[in-house]
Amino acid sequence: MWCSRVALRRLQRVAAASLNGTGGLTSTMQKEMSTLPRVYVTRQIPPEGLKILRESGQVQFELWDSDDVPVPRKELLQKVKGVDALLCVLTEKIDKEVLDAAGPNLKVVSTMSVGFDHLSLEELKKRGIRVGYTPDVLTDAVAELTVALLLTTSRRLIEATHEAKTGGWGTWRTLWLCGYELADSTVGILGLGRIGVAIAERLAPFKVKKFIYTDVAPRPELARAINAEYVSMDELAKQSDFLAVCCALTPETKEVCNKNLFSKMKKTSIFINTSRGGVVNQDDLYEALSSGQIAAAGLDVTVPEPLPTSHPLFTLKNCVILPHIASASYSTRGAMSALAANNLLLGLRREPMIKEIKL
């Protein structure tokens with residue numbers, strides 16, 4: 001266990017200590033620092049989190065110093081050997097192989113993400129490893145991006161921009177580039193959590209007629225906040241003019257948005273997914289879009305990521321695809337980084353994490 005006062009004094013000693021004649025730390029200081037818990041950080045996370053780790057005086061850490069390229073699997077398996085904690089992002093699959101490579105010292109995994117489908121929870125539970133994650137702090141950013149993607153898709157803004165740039169903008173035409181309005185519409189939410197509520201709160205001023213939702217069970221407290229009605233999956237598909245997917249990726253939700261769902265939707269419906277790509281059967285979505293079964297789709301998440309530029313979905317004018325940027329605001333990513341770092345430090349001190357997945 002590491003008391004915060006002891007950790008602070010240790011940090012102050014290291015900061016104030018003089019360097020030895022060769023410009024390095026004294027052997028006493030090096031020995032003291034070498035006894036600190038070892039942490040591996042799998043990505044160059046925003047500076048807020050790294051600053052917390054560095055200034056805590058509680059850990060020594062090494063990181064894969066890149067924001068552009070994920071740590072290679074071989075490198076990850078090598079670097080996790082003997083670590084006490086791991087701070088990762090959603091591009092790293094933390095499975096049995098990684099946990100075996102890490103060994104028995106590993107006590108904490110902290111992911112800088114709200115989703116945790118990249119973590120093998122059963123393996124983590126079996127080994128008694130605590131897991132921190134970063135929900136809530138990205139609610140506003142994801143809700144804003146979802147609304148932006150919905151409007152971009154429904155009002156055909158990407159198509160319109162392309163026409164303006166390439167000379168397609170000719171004389172005014174009565175039905176050219178017409179889309180669909182939110183006013184007097186029914187908005188469906190698949191998976192009503194904080195993000196779903198935040199999306200509805202932002203859409204309500206557009207004069208939406210009704211909000212409906214489905215989930216594993218009714219969520220009356222959350223639903224009351226937006227005056228939403230609980231319906232079956234079939235009714236969600238049939239009634240929604242706009243369908244926003246906000247559920248987590250689980251074995252139960254894998255490819256739940258498939259041919260069966262799309263076949264029940266209106267031909268004028270807009271489908272939006274900012275949750276996880278695995279929730280959607282992309283072949284079925286392509287068929288629904290290309291055949292006119294539904295009007296359009298907006299995706300911030302796909303399988304795989306990045307989606308190959310040769311993928312058929314990119315050939316469709318009525319499909320807008322973004323590169324998983326729902327939480328990409330400076331303030332949100334900084335808050336996620338800080339929360340992930342604090343979860344890790346609290347876990348190592350065997351204290352309650354700010355946000356912990358209960359295994």
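Analyst: A residue is called buried here when its relative accessible area is under 20%, exposed when that area is over 50%, and partly exposed in between, with a 1.4 Å probe and protein chains only. Helices (H or I, at least four residues) and strands (E, at least two) are DSSP runs, numbered from the N terminus. The model is a predicted one, in which local features need pLDDT of at least 70 and side-chain atom pairs count only at pLDDT 80 or more, while totals for chains, interfaces and linings use all residues. Residues are numbered from 1 along each chain as its sequence is written, and side-chain values use heavy atoms, leaving out hydrogens and water.

Helix 14 is mostly covered, with 14 of its 19 residues buried, and just after it R350 takes a positive phi of about 60°.

Its packing partner is helix 3 (residues 47–56), which meets helix 14 at an angle of about 30°, the two axes being 6 Å apart. These axes are lines fitted to C-alpha atoms over the stretch in contact, and angles run from 0 to 180 degrees between N-to-C directions. Helix 3 and helix 14 are therefore roughly parallel to each other, a label for angles under 35 degrees, as against roughly antiparallel over 145, roughly perpendicular from 65 to 115 and oblique for the rest. Helix 3 contributes E48, G49, L50, I52, L53 and S56 to the contact, and helix 14 contributes G334, S337, A338, A341, N342, L344 and L345, contact meaning heavy atoms within 4.5 Å. Seven of these residues are nonpolar, five polar and one charged.

Helix 7 (residues 139–154) can be set beside it: its 16 residues reach 22 Å, close to the expected 22 Å. Helix 7 is mostly covered too, with twelve of its 16 residues buried, among them V142, L145 and L149, and R156, just after it, takes a positive phi of about 55°.

As for the setting, the protein chain comes to 14 helices and 13 strands, and 46% of its 359 residues count as buried. An unreviewed UniProt entry annotates residues 39–356 as "domain: D-isomer specific 2-hydroxyacid dehydrogenase catalytic", and such annotations may be inferred rather than shown by experiment.

Note on methods: Ala, Val, Leu, Ile, Met, Phe, Trp, Tyr, Cys and Pro count as nonpolar, Asp, Glu, Lys and Arg as charged, and the others, Gly among them, as polar. The expected span of a helix is 1.5 Å times one less than its number of residues.
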